[in-house]
Amino acid sequence: DRNVQLITNCGKNDLLHVNPDLMQSLLINLVDNAAKSYDAGMENREVYLTALDSTIEVSDNGRGIPKEALSRIFEPFYMVDRSRSKKKGGCGLGLALVKQIANAHNAKLTVESALDRGTTVRLTLP
């Protein structure tokens, strides 16, 4: 319903030792957030999910996150743009949940973002 294409690249022989239900929640939240990053009229509406070796990455070419907001995006109820997030069905808990799931797996979670260029969230498992 968002007219966004999901493009995947996953290793065929990679075996990750994770809780499958928690990892599914993490991936749904990351892909959903990436899909919400596009404004009406933006072209190349694609979300990329890559899982190779012990790294899972979700990236988009959306609006990006301002640098001053990056340090807060994993806080419960924090939304970069409250007016836009509420229109798209957010309440600010998705990335807080992602952070908790990453911590439960002793994984490293990093975010790279640039305004008008997109965002990449990377989960590196031990």
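This is a predicted model: local features need pLDDT of at least 70, side-chain atom pairs count only at pLDDT 80 or more; totals for chains, interfaces and linings use all residues.
The chain has four helices and five strands, where helices (H or I, at least four residues) and strands (E, at least two) are DSSP runs numbered from the N terminus. Residues are numbered from 1 along each chain as its sequence is written, and side-chain values use heavy atoms, with hydrogens and water left out.

Now for the overall picture. Of the 126 residues in the chain, 36% are buried; buried means under 20% relative accessible area, exposed means over 50%, and partly exposed is in between (1.4 Å probe, protein chains only). The accessible surface of the chain is about 7,800 Å², and 49% of that belongs to carbon and sulfur atoms. Such areas come from the Shrake-Rupley method with a 1.4 Å probe, and for residues only the protein chains shown count as cover. What about contacts, meaning heavy atoms within 4.5 Å? Among those between residues at least 6 apart in sequence, 60% join residues at least 24 apart.

Which residues is Val 58 in contact with, leaving aside its neighbours within four places in sequence? The list includes Leu 30, Val 31 and Ala 34, along with Val 47, Tyr 48 and Leu 49, and also Thr 119, Thr 120 and Val 121. Take Ala 34: Val 58 and Ala 34 are 24 residues apart in sequence, yet their C-alpha atoms are 7.5 Å apart in space.

Next, the charged side chains. Side chains of opposite charge can pair when their charged atoms come close. A salt bridge here is a side-chain nitrogen of Lys or Arg within 4 Å of a carboxyl oxygen of Asp or Glu, and a search of the whole structure finds five of them.

Lys 36 pairs with Asp 32, with the closest N and O atoms 3.1 Å apart. Both residues belong to helix 1 (residues 20-36), and they are four residues apart, about one turn of the helix. Lys 36 counts as buried at 13% relative accessibility, whereas Asp 32 is partly exposed at 27%.

Another salt bridge joins Arg 63 and Asp 39 (3.0 Å, N to O). Arg 63 lies in the loop between strand 3 (55-60) and helix 2 (67-70), and Asp 39 in the loop between helix 1 and strand 2 (46-52), so the pair ties together parts that are 24 residues apart in sequence. Asp 39 is partly exposed, with a relative accessible area of 27%.

Then there is Arg 122, which meets Glu 112 in a salt bridge (3.0 Å, N to O). This pair links distant parts of the chain, with Arg 122 in strand 5 (residues 118-124) and Glu 112 in strand 4 (residues 108-114), ten residues apart. Salt bridges that share partners join Glu 57, Glu 112 and Arg 122 into one network.

Finally, a look at a ring. Lys 99 lies over the face of Phe 74, at 5.8 Å from the ring centre; for this, NZ of Lys or CZ of Arg must be within 6 Å of the ring centre and within 35 degrees of the ring normal.

Conventions
Contact means heavy atoms within 4.5 Å.
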